[in-house]
Amino acid sequence: MTILASAHEIYRFFQQGGEQAPILKGLNLEVHSSEFVCVMGPSGSGKSSLLHALAGLDTVDAGSVSLAGVQLDEVSEAQRTRLRRDTIGHVFQFFNLLPNLTVLENVGVPLAIQGKQAANEKQRILDILAQLGLAGREDAFPHELSGGEMQRVSIARALVGNQPLLLCDEPTGNLSQQAGLEVMQLLRALRDDEDRSILLVTHNPRDATFADRVLFLVDGQLAADEELRGPNIAVEDVHKVLAKLHI
Ligand SMILES: Nc1ncnc2c1ncn2[C@@H]1O[C@H](COP(=O)(O)OP(=O)(O)O)[C@@H](O)[C@H]1O
Ligand SMILES: [Mg+2]
């Protein structure tokens, strides 16, 4: 099995009240191809920091991160950028859509960054939008969309470059119960039908039940003995581990 992303003994410190506080403390993680992994942890536990480190958007203070088998600190900035671009699609809690661009243009942004003409890829973008339940919405602007639609546009943008790994940072955090459920079902379908790999970080137990593997972020590390494995993880089991770990 191919390892798409890995963190080996990573540490991340942040300045807090005049002191360097450790947030990630020797964390290890491997995400394999065709795997849907969920990392659960409460607010402030370091979930976004972990994703930023894996995406190479942030450097780690110790340890190492690899994408597609390449250790990020052993290659040039240009190679890191290319590796990130070719390996990862990112889905954010706050969607991060550009307000002055239409749905079609927003989804085309990664292609423009890759130097491809979005016009040549229009049909492919429309196909992805249709797959995500957004047929006919291509000319809308973000402010004309519901939260659920905005998140589906941001998923489309993360898919358009065909990167194998989707990093999803609390993708249902700003959605209603129902819209969040639909986004989770969509992510699960991407894993099942298209063989995409997903790394989801969340504090939502319901969202965790969609994963193949659930890991718990406690005190800067992933609790090694408390991993849950799917398919069909019960939400009660997620709650049990959270209670046991006091998180
Ligand atoms: N760039 C930063 N500078 C200073 N502190 C930060 C920075 N990023 C995160 N932190 C701190 O690190 C901790 C973990 O943050 P974060 O990774 O965003 O957690 P989560 O995503 O689980 O809510 C928080 O206490 C936060 O304040
Ligand atoms: Mg976060």
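Predicted model: local features only at pLDDT ≥ 70, side-chain atom pairs only at ≥ 80, totals over all residues.
Strands of a sheet pair through backbone hydrogen bonds, either parallel or antiparallel. Here four strands, in the order β2-β1-β4-β5, form an open sheet, and the pairing is antiparallel. At its edges stand β2, which covers residues 19–32, and β5, which covers residues 70–71, and each of these two strands pairs on one side only. If you follow β4, residues 62–67, to its pairing with β5, you will find that the two run in the antiparallel sense and are joined over two bridges, with Leu67 standing opposite Val70 in β5.

Helix α1, made of residues 47–54, lies across β1, β2 and β4, and the helix runs at about 125 degrees to β1, the strand of residues 3–16.

Two packed helices are described by the angle between their axes and the distance between the axes. For helix α3, residues 103–113, and helix α4, residues 122–131, the angle is about 110 degrees and the axes are 10 Å apart. Because angles of 65 to 115 degrees count as roughly perpendicular, α3 is roughly perpendicular to α4, and their crossing is right-handed. The residues that meet are Val103, Leu104, Val107 and Gly108 in α3 and Ile125, Ile128 and Leu129 in α4. By class, this contact of α3 with α4 has six nonpolar residues, one polar residue and no charged residues.

The second pair consists of helix α5, residues 147–159, and helix α6, residues 177–194, which pack at an angle of about 20 degrees with their axes 9 Å apart. Since angles under 35 degrees count as roughly parallel, α5 and α6 are therefore roughly parallel to each other, and the crossing of α5 and α6 is right-handed. In this pair, Gly147, Gly148, Gln151, Arg152 and Ile155 in α5 meet Ala179, Glu182, Val183 and Leu186 in α6, and by class the contact has four nonpolar, three polar and two charged residues.

Conventions:
Residues numbered from 1 in each chain as written. Chains lettered and ligands numbered in written order. Axes fitted to C-alpha atoms, helices over the stretch in contact; angles between N-to-C directions. Parallel < 35°, antiparallel > 145°, perpendicular 65-115°, else oblique. Left-handed = near helix turned anticlockwise from the far one by under 90°. Contact = placed C-beta atoms within 7 Å. Nonpolar A, V, L, I, M, F, W, Y, C, P; charged D, E, K, R; others polar. Pairing = 2+ DSSP bridges.
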